[in-house]
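Dear colleague,

Please find below the structure I am handing over to you.

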Amino acid sequence: MSRLISTIAVAVLALGGSLLGQSGVSELAFTSTDLLRTPVEGPFVGEVAGVGANSKGQIFVYTRTGHPYATLGDNRTFSRGGSKLFLFDANGKFVREWGQDVYGFNAAIGLRVDPQDNVWTIDAAANQVVKFNADGAIGLVLGRKPETIPVRPNAPASPPSPSSPTSPATPAPGAKPAGMGTPGSGFNRPTDVAWDKAGNIYVADGIGTNNRIAKFDKDGRFLAHWGSTGSGPGQFSGVKAIALDAQGNVYAADAGNKRIQVFDGDGKFLREITNIGTPLAMCMTRGGTQHLYVSHAGDQDGMDDAAIYKVALDGRIVGKFGAAGKQLKEFGLANSIDCRNENELLVGEMTNWRVQKVSLK
Amino acid sequence: MRHLLITVVALALLPAGSWLSAQSRATATNVAVIPHEAVPNFFKHPPGIYTGENMGIATNSKGNIYVYHRAYETRLFEYTAKGDFVRELGRNNYGFAFAHSVRVDAQDNIWAVDEGTDMLIKFSPEGRILMTIGRREDPVAMLSNMPGGGRYHGRNEKYRFGRQTDVAFDQQGNIFVSDGYFDGRVVKYDKNGRFVKAVGERGNGNLQFNTPHSIATDFQGNVYVGDRGNARVQVLDNDLNWKANYPNVGNPWAVCVSGGPGPKNPGKQYLYVSNSWPDSAPAGPAEYTGEVYKMELDGTIIGKFGRAGKAAGEFATIHQMDCRDPDVIYTAEINNWRSQKILLKASTAKTSSQQ
């Protein structure tokens, strides 16, 4: 009899476990602080596109702040400004601006710090990935900023149709700037960068029309690329983030298809991870057993549906935390996660103009 | 008979004409004049500090004054209650591109309304950014909107604006936004910036708007919307149900309810409405625009003051008013690149009749 009861109990437990797995992901307990402090007279942190810490604990923030300008030139219009790279100390106190007046800072979309403490910025308007050496000098430039912006005369005479007001802009016919949409280094709104142990560079490219991963050697020489627009294996609908595990496998956040695709280092499709919502940012932990943190943003403003998932590399969901909104412990388009410390994350938000330091219990 | 017919046709055409010209003569008549004077040279700047088009003005509970203006860059300045320049807030932050209005809430937080970035930026009294609502499109997305000009689109999105114009708060801290040039609606958020409700679309019926341009609340939480293109103030209750129209005071560029944002009970409150001289300062309408009406909250006109012009005490073009003290009106003016402190004198005239 007691054996029967225990059998039933085991069955109930198993059932309960599977129900939990299907219907709800366990909530991870956490605390959070609003980390960054700048002088009250400025500069101001705007939309945080990327945040990353180096081995000394210094924090780099690539943010949309200041103004994007159009400069009238000879028959053309040039763009500049609109994003800045700031350095903060480990406590979030503003130290100084990095890369002041750098040519390619226009529409920040991401930032990563590599294992050698180099700082990489990704810009969606300049279509560039720029590597700053640890001393601040520019070490490598991938992609070229479009020479001009098509304000006139190539822009349509009337505003775009109201039916697609917020979709990513497509250049006006005949107005495709140099450096867009071609193999090699021609990125189209790239979003993220990652490296393998040999120093090879992988670029998520991106949220324009390319929908691919581009691979370069450590000196920036083009090696290969894979991917196209679509929903099948190896196809993407907006590559919003990229990360590599210790074995050199490539994890690509395929936002429009609500999945993470996993490839080997040569682009061979291995598997996909689902049930993580619409992935916006990812971070691969560095411990012996690696995990992925994945931010989910189910609406365009981060006000209705958001969370950060902790995922095992086999796709098992460990748990999730956070919600959509503007308060602490809520995330408004978490576009960047730093997980140098597995249980103490830096989360940069676009719509809330801040970095939260998240401590998981 | 034929004469009568022509008159009828002409009257029927008048509203359409006023819609297009966007500035009509106020229909109220026999309105008492409230004596007023401008404090001379009230706002004082250090050498090399200028304001451009003064779009927004607001006071805090200590009497300090904020002016949001379009200079070489759009900037937000703070002055003492005596008009001395104190400091600049939010310099070159991402939300500033083209000033439209500024308001101060009950906790003395400062809210800048920017129609270039489609954003509200909330500053602490110290000047730190506490919250934003709305989102500036990135430069690539903006290019799809070039070469500009733009028009009404009525997208009615929960957290995106179409050149929104103004903001107001009720005693619970709820946020009301008039939105705007490319949307035709009023949006309500809770104090944490979470969407509650939106009403309105373009049109001239009740709960329809043609450029809701200015917004204010009274102590009971009613909402007064300057429905500029429709030449009326629309009054809504706190849940954004329609209550009344005040159609007789011209085109309301700016509305203001006296008493401040609370939480102290302000006692009797008044509504001020500016029938502003259009911002291109045309000679013709100067003769019948530029005045500000003082009204009871129920729409009864008490009197009016001011006229179109560039001299002290004249207005070109009032874009926002502060009326925390009902006898001290601060005016922000586009064309004159200035703000004024206006003192209203006790009027001997009784409440005037109106049509």
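**Interface of chain A and chain B**

Between chain A and chain B, 15 residue pairs are in polar contact, both residues at pLDDT 80 or more; a polar contact is a pair of N or O atoms within 3.5 Å, where within protein one must be able to donate a hydrogen and the other to accept it, and residues adjacent in sequence count only if both atoms are side-chain atoms. On the side of chain A that touches chain B there are 23 nonpolar, 13 polar and 9 charged residues (Ala, Val, Leu, Ile, Met, Phe, Trp, Tyr, Cys and Pro count as nonpolar, Asp, Glu, Lys and Arg as charged, and the others, Gly among them, as polar).

The model is predicted: local features need pLDDT of at least 70, side-chain atom pairs count only at pLDDT 80 or more, and totals for chains, interfaces and linings use all residues. Residues are numbered from 1 along each chain as its sequence is written, chains are lettered from A and ligands numbered from 1 in the order in which they are written, and side-chain values use heavy atoms, with hydrogens and water left out.

In total, 45 residues of chain A are in contact (heavy atoms within 4.5 Å) with 40 residues of chain B. The rule finds 6 salt bridges across this interface, a salt bridge being a side-chain nitrogen of Lys or Arg within 4 Å of a carboxyl oxygen of Asp or Glu. A:Arg64 and B:Asp138 meet in a salt bridge through their side chains, at 3.7 Å from N to O.

**A residue of chain A**

A:Ile242 counts as buried because its relative accessibility is 0% (buried means under 20% relative accessible area, exposed over 50%, partly exposed in between, with a 1.4 Å probe and protein chains only).

With kind regards
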